[in-house]
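This report describes the fold of a single protein chain, moving from overall architecture to individual residues. The sequence and structure are shown first.

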Amino acid sequence: MEVKIGVQHAPREIVLESGQTAEEVEKAVAEALSGKSQLLSLKDDHGRKVLVPSDRLAYVELGEPTARKVGFSAL
């Protein structure tokens with residue numbers, strides 16, 4: 001699933017493809033915003049971890065995975 005994270009005072013948003021479900025991401029965001037965790041921690045499809053301080057979160061947008069087209073087509 002595609003996750004977009006807006007960070008305060010940062011010119012660009014963080015965009016990652018995550019294998020986590022929408023419920024797992026939502027739970028991690030809720031814990032970060034409620035103060036249970038000081039960091040929002042998510043894993044992307046390549047096994048990298050993205051850590052964002054919870055007090056710097058502006059927004060988190062959850063979307064559907066984007067299908068990558070492979071191949072050629074005749075014009």
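The sections below treat the chain as a whole, then its sheet, its nonpolar core and one proline.

**Overall architecture**

The model is a predicted one. The protein chain contains one helix and five strands, and from the N terminus on these elements follow the order β-β-α-β-β-β. Of its 75 residues, 25% are buried. The accessible surface amounts to about 5,800 Å², and carbon and sulfur atoms account for 51% of this area. Among contacts with a separation of 6 or more, 50% join residues 24 or more positions apart.

**Elements discussed in this report**

| Element | Residues |
|---|---|
| Strand E1 | 2–7 |
| Strand E2 | 14–17 |
| Helix H1 | 22–34 |
| Strand E3 | 39–43 |
| Strand E4 | 49–53 |
| Strand E5 | 57–63 |

**The three-stranded sheet**

Three strands form an open sheet in the order E2-E1-E5, and their pairing is antiparallel. Strands E2 and E5 stand at the edges with a single partner strand each, so one side of each has no neighbour in the sheet. On average, neighbouring strands of this sheet are turned by 15 degrees against each other, direction ignored. In general, strands of a sheet pair through backbone hydrogen bonds. Four bridges connect E1 with E2 in the antiparallel sense; Val-3 has Leu-16 in E2 as its bridge partner. Helix H1 lies across E1 and E5 and runs at about 170 degrees to E5.

**The nonpolar core**

Which residues touch the most other members of the largest nonpolar core? In this core of 13 residues, they are Val-3, Ile-5, Val-25, Leu-40, Leu-42, Val-52 and Leu-57. At least two core residues come from each of E1, H1, E3 and E4, and H1 gives the most, with four residues.

Apart from residues up to four places away in sequence, Pro-53 touches Gln-38 and Leu-39. The C-alpha atom of Pro-53 is separated by 9.8 Å from that of Leu-33, a residue 20 positions away along the chain.

Conventions. Residues numbered from 1 in each chain as written. Predicted model: local features only at pLDDT ≥ 70, side-chain atom pairs only at ≥ 80, totals over all residues. Heavy atoms only, no water. Pairing = 2+ DSSP bridges. Axes fitted to C-alpha atoms, helices over the stretch in contact; angles between N-to-C directions. Contact = heavy atoms within 4.5 Å. Core = buried A, V, L, I, M, F, W, Y, C linked by side-chain atoms within 4.5 Å. Buried < 20%, exposed > 50% of the residue type's maximum accessible area, 1.4 Å probe, protein only. Areas by Shrake-Rupley, 256 points an atom, 1.4 Å probe, with all protein chains shown as cover.
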